Amino acid sequence: CSAALARSALAPDRRLVAPDPLPPAFPDCFAWGQYTGPLRAGIRSWKDGGRRDLDRGLAVLLAAAMADALRGRAPGAPAGSGSPGGPVLIVTVPSSSRAVRLRGDRPLERVTRHALERLAGVSMQGPRLLGPLEVLHHRRMVADQAGLGALGRSANLESSMEVGRRTAALVRGGRCLIVDDVVTTGSTLAEGARALRAAGAIDVRAAVIAATPRHPGP
């Protein structure tokens with residue numbers, strides 16, 4: 001599986017994604033593919049099944065989504081000007097304490113680190129990337145998002161994140177790229193973006209490995 005992912009054997013569907021309904025404060029988000037089929041199985045095995053041997057394969061996909069987000073346009077879209085000046089802070093979404101206890105680690109941080117190593121090895125013009133950084137923290141207890149519906153996820157995370165004091169100066173006036181594995185309802189990325197903007201970030205975008213297919217309501 002890792003070798004297949006590294007070769008990008010799974011057909012990518014890289015694009016700018018937006019959940020429906022769109023949560024307030026949701027940032028521009030780029031995904032490598034849809035959270036279905038083999039990609040869904042691979043992410044679930046990696047995240048909750050202990051398959052850390054898939055780290056580098058998934059990092060290839062995440063790096064591609066991050067590159068799209070840094071360029072600020074969907075693959076195949078007309079070239080546009082990105083946000084100028086300064087480094088970009090690579091911010092991983094914080095895990096709930098329960099999720100960390102169950103998994104024994106924070107797999108997203110490790111995959112993000114591999115993705116950054118890959119981006120550093122690719123010849124691409126762009127800003128300096130700083131991270132992965134633990135910029136966001138939960139200011140109160142939150143439940144694991146798994147199993148919650150759209151309304152439950154939104155209520156669970158509402159005003160739950162804040163920027164830590166040690167990194168507040170970095171965020172203020174800066175550019176941030178939030179990284180996660182999967183976007184479903186968008187509540188996690190929206191809350192992260194809200195907290196970063198509240199701390200003074202001037203440009204917040206997001207990159208994920210996969211996006212759950214969403215169908216508009218009636």
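Here is a short tour of the fold, its helices, a few residues in its strands and some backbone details. The model is predicted, and its chain has a mean pLDDT of 80, with 70% of residues reaching 70 or more. You will find 8 helices and 8 strands in the chain. Of its 218 residues, 45% count as buried.

**Overall picture and confidence**

- Among contacts between residues at least 6 apart in sequence, 77% join residues at least 24 apart.
- Please read residues 74-83 with care: pLDDT stays under 50 there. For this stretch, the model has 12 contacts beyond four places in sequence.

**Helix 3 against helix 5**

- A pair of packed helices is described by the angle between their axes and the distance between those axes.
- For helix 3 (residues 55-71) and helix 5 (residues 107-121), the angle is about 65° and the axes are 8 Å apart.
- Their crossing is right-handed.
- Helix 3 brings Asp55, Arg56, Leu58, Ala59, Val60, Leu62, Ala63, Met66 and Ala67 to the contact. From helix 5, the contributors include Arg110, Val111, Thr112, His114 and Ala115.
- Sorted by class, this contact has 11 nonpolar, 2 polar and 5 charged residues.
- Helix 5 has 15 residues, which should span 21 Å at 1.5 Å a residue; its end C-alpha atoms are 22 Å apart, so the two values agree.
- Buried residues of helix 5 include Pro107, Leu108, Glu109, Val111 and Thr112. His114, Ala115, Leu116 and Leu119 are also buried.

**Helix 8 and what follows**

- Helix 8 covers residues 187-198, and its 12 residues reach 16 Å from the first C-alpha to the last, close to the 16 Å expected.
- This helix is mostly covered, with 9 of its 12 residues buried.
- The buried set is Ser187, Thr188, Leu189, Ala190, Glu191, Gly192, Ala193, Ala195 and Leu196.
- Just after helix 8 comes Gly200, with a positive phi of about 105°.

- Thr92 lies in strand 3 (residues 88-92). Thr92 counts as buried because its relative accessibility is 3%, which is under the 20% cut-off.
- Beyond its neighbours within four places in sequence, Thr92 is in contact with Leu108, Glu109 and Thr112, as well as Pro132, Leu133 and Val179.
- Ile209 belongs to strand 8 (residues 203-211), and its relative accessible area is 0%, so it is buried.
- Setting aside residues up to four places away in sequence, Ile209 touches Ala31, Trp32, Gly33, Leu39, Ile43, Leu58, Leu61, Leu62, Asp180 and Asp181. Of these, Leu58 and Leu62 also take part in the contact of helix 3 with helix 5.
- Although Ile209 and Val182 are 27 residues apart along the chain, their C-alpha atoms are separated by 6.0 Å.

**Backbone details worth a look**

- Asp20 and Pro21 are joined by a cis peptide bond, with omega about 5°. Pro21 sits in the loop between strand 1 (15-17) and strand 2 (28-34).
- Ala25 is found in the loop between strand 1 and strand 2. Its phi is near 75°, a positive value in a residue other than glycine.
- With a relative accessibility of 32%, Ala25 counts as partly exposed.
- Another cis peptide bond joins Gly131 and Pro132, where omega is about 0°. Pro132 lies in strand 4 (residues 129-133), and it is one of the residues in contact with Thr92.

Methods
Residues numbered from 1 in each chain as written. Predicted model: local features only at pLDDT ≥ 70, side-chain atom pairs only at ≥ 80, totals over all residues. Heavy atoms only, no water. pLDDT = per-residue confidence, 0-100. Contact = heavy atoms within 4.5 Å. Axes fitted to C-alpha atoms, helices over the stretch in contact; angles between N-to-C directions. Helix = DSSP H or I, 4+ residues; strand = E, 2+ residues; numbered from the N terminus. Left-handed = near helix turned anticlockwise from the far one by under 90°. Nonpolar A, V, L, I, M, F, W, Y, C, P; charged D, E, K, R; others polar. Expected span 1.5 Å × (residues − 1). Buried < 20%, exposed > 50% of the residue type's maximum accessible area, 1.4 Å probe, protein only.
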